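This briefing covers a predicted model. The points below are grouped by topic and can be read alongside the sequence and coordinates.

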Amino acid sequence: MKTADELDLNPAKTDLHGASKTPGRPSEDGADNGEDRAMPTRELNFGIPDLTLEWSCGGTVNPSGFAGHQLVVLFLPLGKREAAAELASYEGCAHEFANFDTWFLPIAQETLEGSSHRSPIAVDPADGAWSRFVKLAELDHERTAGGAFLFTHGGTLQRAWPGQGHATAVLGELNTRA
C-alpha cells in the first residue's frame with residue numbers, strides 16, 4: 001500500500017495540504033462548484049477492505065487482492081429482480097470497463113439462482129463486507145439499494161455511489177482519471 005508521500009496527487013483535485021477540491025463538494029470558502037452531490041467523493045481513504053467472501057460458483061475471493069488494479073465493487077440491491085437488473089447494466093458495459101483496465105467485483109447478499117448473469121458473484125449473507133465498505137466511504141446508507149465503490153490502482157477509495165443505476169457514472173469517473 002502506498003503512503004501519502006508516494007501518492008501522485010492531482011493538483012486540480014487537492015490543495016497543498018491534500019484536502020479534496022473534488023467537484024460537488026463545497027470549497028473551504030463555502031462556494032458550491034455545482035456538481036451532483038448525490039455521489040459523494042472520498043479521496044485518500046486507503047485500503048480495500050481485507051476480508052474473505054465466498055464465490056457463488058465455489059471458492060473464495062478477497063477484495064484486497066485486487067490492489068494494484070482499478071476496482072469497482074458493486075453491492076447488488078437486495079431484491080432479486082433489482083439485483084439482476086443492476087448486474088445486467090454493469091455487464092452491458094463490461095467492454096468499456098475493460099478499456100480502463102478495471103476489475104469488477106459484484107457482491108450479493110445471496111446467490112442469484114435462475115439469473116442469466118455472466119459475472120461470478122461474491123456472497124455476503126451477513127452484510128459484513130457491506131458494513132466495512134460503507135464505513136470506509138463514510139456513508140450512512142442502507143444496504144437495501146446497494147451501491148458502487150471505485151478504488152484506484154493504489155487501493156485508494158476514489159468515489160462511492162449509494163443506491164443503484166450508476167454504471168455510466170462510474171464509467172464517466174474512470175474516463176476523468178484516464
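In strand 5, isoleucine 107 is the bridge partner of phenylalanine 75. Strand 4 (70-75) and strand 5 (102-108) pair in the parallel sense, over six bridges. On strand 7, strand 4 has an antiparallel neighbour, joined to it by five bridges.

**Strand 4 and its pairing**

- Strand 4 is mostly covered, with six of its six residues buried.
- Gln70, Val72 and Leu74 point one way from the strand, while Leu71, Val73 and Phe75 point the other way, and all are buried.
- Valine 72 has leucine 150, in strand 7, as its bridge partner.

**Strands 7 and 8**

- Strand 7 (residues 147-151) and strand 8 run antiparallel and are joined by five bridges.
- Glycine 147 is bridged to proline 162 in strand 8.
- Four residues lie between the strands of this hairpin, and glycine 155 takes a positive phi near 90° in it.
- Strand 8 (residues 156-162) is mostly covered: seven of its seven residues are buried.

**Nonpolar cores**

- The largest nonpolar core has 23 residues, and those with the most contacts inside it are Val73, Phe75, Leu105, Phe149 and Phe151.
- Two or more residues of this core come from each of strand 2, strand 4, strand 5, helix 3, strand 7 and strand 8.
- Helix 3 gives the largest share of this core, six residues.
- Leaving aside residues up to four places away in sequence, valine 73 touches Leu105, Ile107, Phe133, Gly147, Ala148, Phe149 and Phe151.
- Another core, of 18 residues, lies apart from the largest one and includes Leu74, Ala83, Leu112 and Val170.

**Helix 1**

- Helix 1 (residues 80-91) has twelve residues and should span 16 Å at 1.5 Å a residue; its end C-alpha atoms are 16 Å apart, which agrees.
- Ala83, Glu86, Leu87, Tyr90 and Glu91 are the buried residues of helix 1.
- Viewed down the axis of helix 1, these buried residues fall within an arc of 135°, so they line one face of the helix.
- An α-helix has 3.6 residues a turn, so residues three or four places apart point the same way.
- The cover over the buried residues of helix 1 includes strand 4, helix 2 (94-99), strand 5, strand 7 and helix 4 (167-177).

**Non-glycine residues with positive phi**

- Most residues other than glycine have a negative phi.
- Aspartate 101 is not a glycine, yet has a positive phi of about 50°.
- Aspartate 101 sits in the loop between helix 2 and strand 5, and counts as partly exposed because its relative accessibility is 45%.
- Aspartate 127 likewise is not a glycine and has a positive phi, of about 60°.
- The loop between strand 6 (122-123) and helix 3 holds aspartate 127, which counts as buried because its relative accessibility is 19%, under the 20% cut-off.

**Buried loop residues**

- Glycine 47 is in the loop between strand 1 (41-46) and strand 2 (53-55).
- Glycine 47 is buried, because its relative accessible area is 16% and the cut-off is 20%.
- From glycine 47 to serine 64 the separation is 17 residues in sequence and 7.4 Å in space, C-alpha to C-alpha.
- Leucine 139 belongs to the loop between helix 3 (128-137) and strand 7.
- Leucine 139 counts as buried, at 17% relative accessibility.
- Leucine 139 and alanine 160 are 21 residues apart in sequence, and their C-alpha atoms are 8.4 Å apart.

**Cysteines**

- How many disulfides does the structure hold? The number is zero.
- A disulfide is a covalent bond between the sulfur atoms of two cysteines.
- Is cysteine 57 buried or exposed? Cysteine 57 counts as exposed because its relative accessibility is 62%, over the 50% cut-off.
- Cysteine 93 counts as buried, at 10% relative accessibility.

Note on methods: Residues are numbered from 1 along each chain as its sequence is written. This is a predicted model: local features need pLDDT of at least 70, side-chain atom pairs count only at pLDDT 80 or more; totals for chains, interfaces and linings use all residues. Side-chain values use heavy atoms; hydrogens and water are left out. Buried means under 20% relative accessible area, exposed over 50%, partly exposed in between (1.4 Å probe, protein chains only). A disulfide is a pair of cysteine sulfur atoms within 2.5 Å. Two strands pair if DSSP finds at least two bridges between them. The expected span of a helix is 1.5 Å times one less than its number of residues. The arc is that of the directions from the helix axis to the C-beta atoms. Contact means heavy atoms within 4.5 Å. A nonpolar core is a set of buried Ala, Val, Leu, Ile, Met, Phe, Trp, Tyr and Cys residues joined through side-chain atoms within 4.5 Å.
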